[in-house]
Amino acid sequence: MSLLITGASRIETPTGHSARRGREMEHLRAIPDAVVRCEGSRIVFVGPKEDHDRLFDQPDELLDARGGAVIPGFVDPHTHPVWAGSREDELDRRLHGETYMEIARSGGGINATVRATRAASFDELLRSTLGRLDTFLLHGTTTIDAKSGYGLDLETEIRMLEVIRAADERHPVDLIPTCLAAHEVPPEYRDDPEAYIASVTGRIHPEIARRGLAQAVDVFCETGVFDVSQTRRLLADAPRYGWGIHLHADELTPLGGAELAVELGAMSADHLVHVTEGGIAALAGSETVATLLPGTSFFLRSSYAPARRMIDAGCAVALATDCNPGSSPTESMPAILALACLQMGLTIEEVLTAATLNAAAALGRADRYGSVETGKQADLVVLNGPSAHHLAYHYGVNPVRHVVKGGRVVVADGRLREAPAFGG
Ligand code: NIG
Ligand code: FE
């Protein structure tokens, strides 16, 4: 099966097979009037139409970009896409003056979603997750990190990761599973967090590893959740299971999470709203990607991570939605990119790199995803404007015209091609 994308105003993409850091994040390749040819799931040609026509036969299928820009499919490197229930009541409470942490301490927050998720069946969770994946895809996201963490017991953590596996098999979006059993201390262990840590390291992690349900592990390292020494113990078994490490680091307080992530060789340190100067320097001198989540700052009305300073210091920055029911209920990477430009002061070139190649690197997959280049998986977005600037300029609406995933047209003119097969 071959596909040719014609009629693009230009192709805009970062290039390479590893994260771009610091100033390099500005360097996009922009090719005017080019075509992209996909064979099977791969990109086999990017360049002028005349060259294509000399080298290749007629394709099986044509996709007309109608003057839109072609960019890589978004990779969202931090999501919590499986949950039951809703927490819009907490937004109302916050708008009346309570804080996220006060609500969490009074039985809301993560543990409210844990109660609803424990009570939900596999089928209920799968159905709602597939619906969210449709929304991700319609907004141009073709690969996500997908975390567990609303079970906080062996049975429900397994159920969540099995939902992630089933959703990956059924839906065009690729899901890379991350075990986040250490997302919070569950209520039954409130008086003895150490016993929960023992259960995570002694029972939950080994069983999830035995079943092959995760490729990475994550911990919410935060004051009042898991401190640095507890986090270190929770992550000690990651190398034995072959898991990459992500870390919720320095989100609400400066705990030294960034430094710990670097010390452990983590693929990413995420949030970083309260990262210290030492943390920035450590990240800049490491392979650990700084994954920033401006949607969470926006939704919690907090300050933003110091993205400009981090890039200027030479960090590799990625962007993610943090899609979850409490602190960032959105699947939209375009919304995140607009916030990163307009609230964090990044350029379009930087946010495009952050949401594609660097996001892929944060998941250890920059060899496969994150750029429009020969040999990469054919995951592409056609915007309904002539340049990537459209992403932040035409904000608050969906700027995605077409989406190609693995060489297949999955969204055409803003609609899912095979809707019933995906989310039905
Ligand atoms: O990444 N920080 C911890 N976890 C999520 C919040 C999850 C929730 O509130 O349900 C986050 O922001
Ligand atoms: Fe998160």
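Gly-414 touches Leu-138, Val-400 and Arg-401, leaving aside residues up to four places away in sequence. This glycine belongs to a predicted model, in which it sits in the loop between β18 (408-412) and β19 (415-416).

**Gly-414**

- With a relative accessible area of 37%, Gly-414 is partly exposed, because values between 20% and 50% fall in that class.
- Gly-414 and Gln-215 are separated by 199 residues in sequence, and their C-alpha atoms are 32 Å apart in space.

- His-248 has a relative accessibility of 3% and so counts as buried.
- Asp-322 likewise counts as buried, at 2% relative accessibility.

**Packing of α5 against α6**

- Helix α5 (residues 122-138) packs against helix α6 (residues 154-170) at an angle of about 50 degrees, and their axes are 9 Å apart.
- This angle makes α5 oblique to α6.
- The crossing in which α5 passes α6 is right-handed.
- On the α5 side, the residues in contact are Phe-122, Leu-125, Leu-126, Thr-129, Leu-130 and Leu-133; on the α6 side, they are Arg-159, Glu-162, Val-163, Ala-166, Ala-167 and Arg-170.
- By class, this contact of α5 with α6 comprises eight nonpolar residues, one polar residue and three charged residues.
- As background, an α-helix has 3.6 residues a turn, so residues three or four places apart point the same way.

**Packing of α6 against α7**

- The axes of α6 and helix α7 (residues 193-210) come within 10 Å and cross at roughly 30 degrees.
- That angle makes α6 roughly parallel to α7.
- α6 passes α7 in a crossing that is right-handed.
- Leu-154, Glu-157, Ile-158 and Leu-161 of α6 meet Arg-203, Ile-204, Glu-207 and Ile-208 of α7.
- The contact of α6 with α7 contains five nonpolar and three charged residues, and no polar ones.

**Packing of α7 against α8**

- α7 and helix α8 (residues 228-235) pack at an angle of about 15 degrees, and the distance between their axes is 10 Å.
- The two helices, α7 and α8, are thus roughly parallel.
- α7 passes α8 in a right-handed crossing.
- Glu-194, Ile-197, Val-200, Thr-201 and His-205 of α7 make this contact with Gln-230, Arg-233 and Leu-234 of α8.
- Divided by class, the residues of the contact of α7 with α8 are three nonpolar, three polar and two charged.

**The enclosed helix α15**

- Helix α15 (residues 348-355) is largely enclosed by the rest of the structure, because seven of its eight residues are buried.
- The buried residues of α15 are Ile-348, Glu-350, Val-351, Leu-352, Thr-353, Ala-354 and Ala-355.

**Ser-268**

- Ser-268 is part of strand β13 (residues 268-271), and it is buried, with a relative accessible area of 0%.
- Apart from neighbours within four places in sequence, Ser-268 is in contact with Ile-245, His-246, Leu-247, Ala-261, Thr-288, Val-289, Thr-291 and Ala-362.
- Ser-268 and Glu-287 are 19 residues apart in sequence, with 8.5 Å between their C-alpha atoms.

**Arginines with positive phi**

- Arg-66 has a phi near 50 degrees, which is a positive value in a residue other than glycine.
- Arg-66 is located in the loop between β6 (61-64) and β7 (69-72), and at 47% relative accessibility it counts as partly exposed.
- Arg-301 has a phi near 55 degrees, again a positive value in a residue other than glycine.
- The loop between α12 (294-300) and α13 (307-312) holds Arg-301, which is exposed, with a relative accessible area of 62%.

Methods. Residues numbered from 1 in each chain as written. Chains lettered and ligands numbered in written order. Predicted model: local features only at pLDDT ≥ 70, side-chain atom pairs only at ≥ 80, totals over all residues. Heavy atoms only, no water. Axes fitted to C-alpha atoms, helices over the stretch in contact; angles between N-to-C directions. Helix = DSSP H or I, 4+ residues; strand = E, 2+ residues; numbered from the N terminus. Parallel < 35°, antiparallel > 145°, perpendicular 65-115°, else oblique. Left-handed = near helix turned anticlockwise from the far one by under 90°. Contact = heavy atoms within 4.5 Å. Nonpolar A, V, L, I, M, F, W, Y, C, P; charged D, E, K, R; others polar. Buried < 20%, exposed > 50% of the residue type's maximum accessible area, 1.4 Å probe, protein only.
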